[in-house]
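Dear colleague,

I am handing over the structure that you asked about, and below it you will find notes on what was found. Please read them with the structure open beside you.

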Amino acid sequence: MKQDILEMLSKSSTTLSTQEIITNFVVALVLGMVIYISYRTSHTRVTYSRRFNVSLLMLTMVTTLVMSVIGNNIALSLGMVGALSIVRFRTAVKDPRDTAYIFWCIAIGICCGVTEYIIASIGTACIFVLLVLFGLAQDNLRYLLVIRGARQSEAAIIATVKEYYRNKAVLKVNNSTLDTTEFIFEVPQKIVKANKNEENITEVLYKLENITAVNLIAQSDEMR
């Protein structure tokens, strides 16, 4: 009985031919290139990592290779799980979308490894369209208005900012010394865009007395 169970576990129920293996890798390569183009097209951040994008293509091919080896062999699948559990990945994922791309590559590799080309193709087409469409959407940026000047101008600064942004600017930080003061206001993106045709807030503030610096910073997830 024990011998029969071992033979059943070690015996693969499917044997891929050379043509099927080549087809698996060709389809994986084509769909991997679609993922590559999708990541390159929908990427909206400041830094674009071409090496990471190439790694996505390689991940698709490697997953296809692993699935082609495992097939329906239970013993090999258990051994592969045990081997992969030893590996510890320390690479930090900066963009949550990168995690979705990694799982996308793994899923395509699994589908190609078991010759499920239709599922892989339809899934890739749907995900490609969604990621490209949502990738074109801009981030909801938060603008920080940083103002430095003399301490006696505090009241004038606050009144000017509130009037310019129609009381929509929120005071976040107020740092002051005996002679100087610093304000940090958070301004919604829609308010900044609504006032783009008016006089610049920088010019308005510099008309006040004792203003030394005015900075308007667009804050996104990349800035900590």
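**Overall picture**

Of the 224 residues of the protein, 30% count as buried, where buried means under 20% relative accessible area, exposed means over 50%, and partly exposed lies in between, with a 1.4 Å probe and protein chains only. Please keep in mind that this is a predicted model, in which local features need pLDDT of at least 70 and side-chain atom pairs count only at pLDDT 80 or more, while totals for chains, interfaces and linings use all residues. Residues are numbered from 1 along each chain as its sequence is written, and side-chain values use heavy atoms, with hydrogens and water left out.

The protein has nine helices and four strands, these being DSSP runs numbered from the N terminus (H or I of at least four residues for helices, E of at least two for strands). Along the sequence they follow the pattern α-α-α-α-α-α-β-α-β-β-α-α-β. Among contacts with a separation of 6 or more, 75% are between residues 24 or more positions apart, a contact being heavy atoms within 4.5 Å. The protein exposes about 14,800 Å², of which carbon and sulfur atoms supply 62%; such areas come from the Shrake-Rupley method with a 1.4 Å probe, and for residues only the protein chains shown count as cover.

**Two nonpolar cores**

A nonpolar core is a set of buried Ala, Val, Leu, Ile, Met, Phe, Trp, Tyr and Cys residues joined through side-chain atoms within 4.5 Å. The largest one has 16 residues, and those that touch the most other members are Leu 145, Ile 147, Val 161, Tyr 165, Phe 185 and Leu 205. At least two residues of this core come from each of β1 (142-150), α7 (154-164), β3 (180-188), α9 (201-206) and β4 (211-219). Leaving aside residues up to four places away in sequence, Leu 145 touches a set of residues that includes Val 161, Tyr 165, Phe 185, Leu 205 and Val 214. A second, separate core has 14 residues, among them Val 27, Leu 31, Leu 56 and Cys 105.

**How the helices pack**

Axes here are lines fitted to C-alpha atoms, for helices over the stretch in contact, and angles run from 0 to 180 degrees between N-to-C directions. Helix α3 (residues 50-70) packs on helix α5 (residues 96-113) at an angle of about 30°, with their axes 7 Å apart. The two are therefore roughly parallel to each other, given that angles under 35 degrees count as roughly parallel, over 145 as roughly antiparallel, 65 to 115 as roughly perpendicular and the rest as oblique. Residues that make this contact include Leu 56 and Leu 59 of α3 and Cys 105 and Ile 106 of α5.

Helix α2 (residues 18-42) packs on α5 at about 165°, with the axes 9 Å apart, and these two helices are therefore roughly antiparallel. In that pairing, the residues of α2 include Val 27 and Leu 31, and those of α5 include Trp 104 and Cys 105. Between α2 and α3 the angle is about 155° and the axes are 9 Å apart, which makes α2 roughly antiparallel to α3.

**One buried threonine**

Thr 124 lies in helix α6 (residues 117-135), and it counts as buried because its relative accessibility is 2%. Not counting residues up to four places away in sequence, Thr 124 touches Leu 31, Val 34, Trp 104 and Ile 108.

With best wishes
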